Amino acid sequence: MSHDGGLNRRAFLKNAGMTALVGATGTGTSLATAAASATFAPAGSKYDFDTVYNRVGTDCVKWDQQIRTYGKENIAVGMGIADMDFRAAPCITRALQERMKHENWGYMDTPRSYVDAIVDWNKRRYGLEINPDSVVLSNGVHPGIIAALKTFSPPGSKVLLMTPVYDGFYSDLDFCQVKAEESLMKRVDGRYSIDFTDLERRISHDTNTLILCNPQNPTGNCWSAEDLTRIGEMCLRRRVVVLADEIHCDFVTRGNKYTPFASLPDKAIVRNSITFKAASKSFSLAAMKSAWFFSDNMDYVARVKANNHVDLSTLGMIANRAALTEGEEWLDQVVSYLDGNHDFVVSFVKDNIPLVKCVKAQGTYLTWLDVTGVIDKIGAKQQAAAEARKPGEKPETPETIVQRYFVKSAKVHMAPGSNYGYGGAGHMRMNVATSRKTLELALSNLATALKTT
Ligand SMILES: Cc1ncc(COP(=O)(O)O)c(C=O)c1O
């Protein structure tokens with residue numbers, strides 16, 4: 001594609017091969033048909049999230065990586081990696097354009113105004129009082145978590161996880177040569193809760209850290225103050241440091257609440273934790289490589305900081321600072337739009353895709369689909385067992401078979417549940433942070449494919 005970000009729908013159809021996509025799925029709703037639908041933005045919206053924004057050809061993981069993996073003829077709607085398809089908040093583009101006028105990119109002295117923006121944002125949005133001296137910048141949440149693991153969890157020791165959980169944690173653990181101790185969450189009617197008895201039972205002399213994900217990727221749980229306090233009390237008593245990853249905190253659906261771990265009233269519990277955050281999910285700035293962590297415990301901060309190597313880029317800092325200082329209205333509107341997407345998915349799946357089940361997420365822009373019916377229908381267990389893999393390659397699972405089936409038959413790409421550890425089997429993770437038209441197209445194609453398989 002051209003690198004003109006403002007491609008229209010026709011160009012999107014052509015460049016992204018969506019016309020082929022629609023043709024290949026027979027009666028699936030076409031993007032063109034879907035595009036004729038009404039606007040889906042909540043009343044009073046100032047920003048356009050409905051217009052399909054073509055990302056193909058920008059070397060993005062969500063779309064281009066799938067084309068590289070599956071080939072051009074199999075271009076699929078990207079619903080895997082967790083970033084958003086929307087045009088960036090105008091305040092971000094404005095700030096970047098302004099800085100681009102000065103054509104020198106030498107070393108940057110990170111300005112104090114960036115840390116101030118982080119502190120102000122957390123105070124304004126979540127009522128958190130963060131000591132600016134405790135804020136440590138990092139190149140992402142992963143580098144921060146890795147620095148904390150290197151600090152508290154020596155190689156060979158165990159890290160407590162509540163599963164199914166974000167697959168990236170497993171890579172961090174591998175990198176630090178530590179082992180996952182997985183506590184399976186309870187699941188009743190598609191809703192997850194923590195099995196506290198199991199969680200505590202899994203702590204042993206060599207369990208030094210617990211990684212908490214709030215809101216939880218992939219299940220979408222927003223943990224209550226009561227849940228967090230129970231985790232915090234247990235970890236304090238058993239000398240396990242809480243690493244609270246709250247990167248998804250801005251995405252909370254109607255009627256639900258994000259409770260920051262650092263806001264718990266028991267200060268001893270809070271002092272036994274480090275919180276990891278970023279604006280990268282909220283404003284889709286993942287490739288701008290900027291995040292931060294903080295703690296009320298300055299001893300923890302100093303120790304983790306010593307293991308954290310950070311090198312921000314000028315453009316990353318500019319984009320993130322603009323988001324935090326001027327982007328709140330845009331964010332509120334995108335969150336509201338995605339709340340509508342979540343509702344749409346739940347009702348569409350219920351009405352049209354009987355082989356799939358899901359409940360509305362409390363937080364994140366992810367939907368955790370129960371695909372056990374699909375696994376049975378396409379014989380994915382048998383196929384996975386029959387697939388030979390070369391040594392060193394990840395084994396095929398029923399969920400990776402479903403992933404491939406969805407790409408080939410429905411032109412939709414999602415993440416296989418088996419990536420998310422113990423308890424991920426039988427599921428796929430679908431990212432709904434896209435225009436309603438794209439979402440509608442993907443779901444229609446899934447419905448059609450499953451009907452005709
Ligand atoms: C829970 C969680 N933590 C961390 C990350 C990635 O963080 P970063 O890109 O800042 O390293 C993701 C991305 O999907 C995530 O879902």
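Predicted model: local features only at pLDDT ≥ 70, side-chain atom pairs only at ≥ 80, totals over all residues.

1. Start with the ligand. The residues around it are Ala82, Gly140, Val141, His142, Tyr166, Cys213, Asn217, Asp245, Ile247, His248 and Lys281. By type, this shell divides into five nonpolar, four polar and two charged residues.

2. Which atoms come up against the ligand's oxygens? A backbone N or O atom of Val141 lies 2.7 Å from a ligand oxygen, and a backbone N or O atom of His142 lies 3.0 Å from a ligand oxygen. Lys281 uses its side chain instead, with a polar atom 2.9 Å from an oxygen of the ligand. On its own the ligand would expose 400 Å², and the protein buries 91% of that.

3. Now α7, which runs over residues 141-152. This helix has 12 residues and reaches 17 Å from its first C-alpha to its last, close to the 16 Å expected. It is mostly covered, with nine of the 12 residues buried. Val141, from the ligand shell, is among those buried residues, as are Ile145, Leu149 and Phe152.

4. Beyond its neighbours within four places in sequence, Pro154 is in contact with Val178 and Asn208.

5. Do look at two peptide bonds. Most peptide bonds are trans. The one from Thr163 to Pro164 is cis, with omega near 5°, and Pro164 lies in the loop between β3 and α8 (168-175). The bond from Asn217 to Pro218 is also cis, with omega near 20°; Pro218 is in the loop between β7 (207-213) and α10 (225-237). Asn217 is one of the residues around the ligand.

6. Finally, two positive phi values. Most residues other than glycine have a negative phi. Thr364 has phi near 70° and sits in the loop between α14 (328-352) and β11 (366-370). Lys411 has phi near 55°, in the loop between α17 (398-410) and β12 (412-413). Are these two buried or exposed? Thr364 is buried because its relative accessible area is 2%, under the 20% cut-off, and Lys411 is buried too, at 5%.

Terms used: Residues numbered from 1 in each chain as written. Heavy atoms only, no water. Near = heavy atom within 4 Å. Polar contact = N/O pair within 3.5 Å; in protein donor to acceptor, adjacent residues only side chain to side chain. Areas by Shrake-Rupley, 256 points an atom, 1.4 Å probe, with all protein chains shown as cover. Nonpolar A, V, L, I, M, F, W, Y, C, P; charged D, E, K, R; others polar. Helix = DSSP H or I, 4+ residues; strand = E, 2+ residues; numbered from the N terminus. Contact = heavy atoms within 4.5 Å. Expected span 1.5 Å × (residues − 1). Buried < 20%, exposed > 50% of the residue type's maximum accessible area, 1.4 Å probe, protein only.
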